[in-house]
Amino acid sequence: MARKSRKRLNGAVPVNGAAGKAEKAVLFRAGLYARLSYESGVNRERGTIETQMELMRIFVEGAEDIVVQETYSDASFTGTTFERPGFERMMGDIRDGKINCVIVKDLSRLGRNYVEAGNYIERVFPFLDVRFISVNDGFDSFRSGTDLSMPLKNIVKNTRHLGGVNC
């Protein structure tokens, strides 16, 4: 799929960091999105919304061109549907121009329906000039060389969990 021009996103805005930190040239206002189907003893420590958010915040701290604008989450919502209140609020903020970057812990947090998740990643987000980053998968829609591996990773990751309860 051909890449869209990113020229509309130029014009970096310097943001003052904490004392002693260098300024960031901000091009991207990120929305951090976390989802958890249900909380059990197994995922209570490693997969909570808070744990996902912390991982994404640490990632943003190391990025030179991203700041966290807003956080979105859906607890006790399956990833097989995109009709989730936090996700819908995030999409509204994208349409309103509040955020232009979506960051998730991994692809399964965006959604378990690989066809629809792929549609957002490959069509909807690029159409809206939104950068998409999956931290644990090492995917960044603005980094060249990741386009061809994305659909395969998405399919493998989501079909691996089809029979499981952890959706």
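The secondary structure of the chain comes to five helices and seven strands. The model is a predicted one. Read along the sequence, the elements follow the pattern β-β-β-α-β-α-β-α-α-β-β-α. The chain has 167 residues, and 42% of them count as buried. Among contacts with a separation of 6 or more, 69% join residues 24 or more positions apart.

The largest nonpolar core holds 19 residues. Within this core, Phe-87, Met-90, Ile-94, Val-102, Leu-110, Phe-125 and Phe-132 touch the most other members. Four elements each supply at least two residues of the core: helix 2 (85–95), strand 5 (101–104), helix 3 (107–110) and helix 4 (114–127). Another core, of 15 residues, lies apart from the largest one. Its members include Phe-28, Ala-30, Ile-66 and Ile-103.

After helix 2 comes Gly-97, and the phi of Gly-97 is positive, near 80 degrees.

Aromatic side chains were considered next. A search of the whole structure finds eight aromatic pairs. One of them joins Phe-82 and Phe-87, with ring centres 5.1 Å apart. The planes of Phe-82 and Phe-87 stand at 65 degrees, so this pair is edge-to-face; the cut-off for that class is over 60 degrees. Both partners are buried. Phe-82 counts as buried because its relative accessibility is 5%, and Phe-87 because its relative accessibility is 1%; the limit is under 20%. Phe-82 and Phe-87 also belong to one aromatic cluster, together with Tyr-33, Tyr-120, Phe-125, Phe-132 and Phe-139.

Two arginines lie over phenylalanine rings. Arg-84 lies over the face of Phe-87, at 5.2 Å from the ring centre. The charged end of Arg-131 sits over the ring of Phe-28, 4.7 Å from its centre.

Key: Residues numbered from 1 in each chain as written. Predicted model: local features only at pLDDT ≥ 70, side-chain atom pairs only at ≥ 80, totals over all residues. Heavy atoms only, no water. Core = buried A, V, L, I, M, F, W, Y, C linked by side-chain atoms within 4.5 Å. Buried < 20%, exposed > 50% of the residue type's maximum accessible area, 1.4 Å probe, protein only. Phe/Tyr/Trp six-rings, centres within 6.5 Å; stacked < 30°, edge-to-face > 60°. Lys NZ or Arg CZ within 6 Å of the ring centre and 35° of its normal. Contact = heavy atoms within 4.5 Å.
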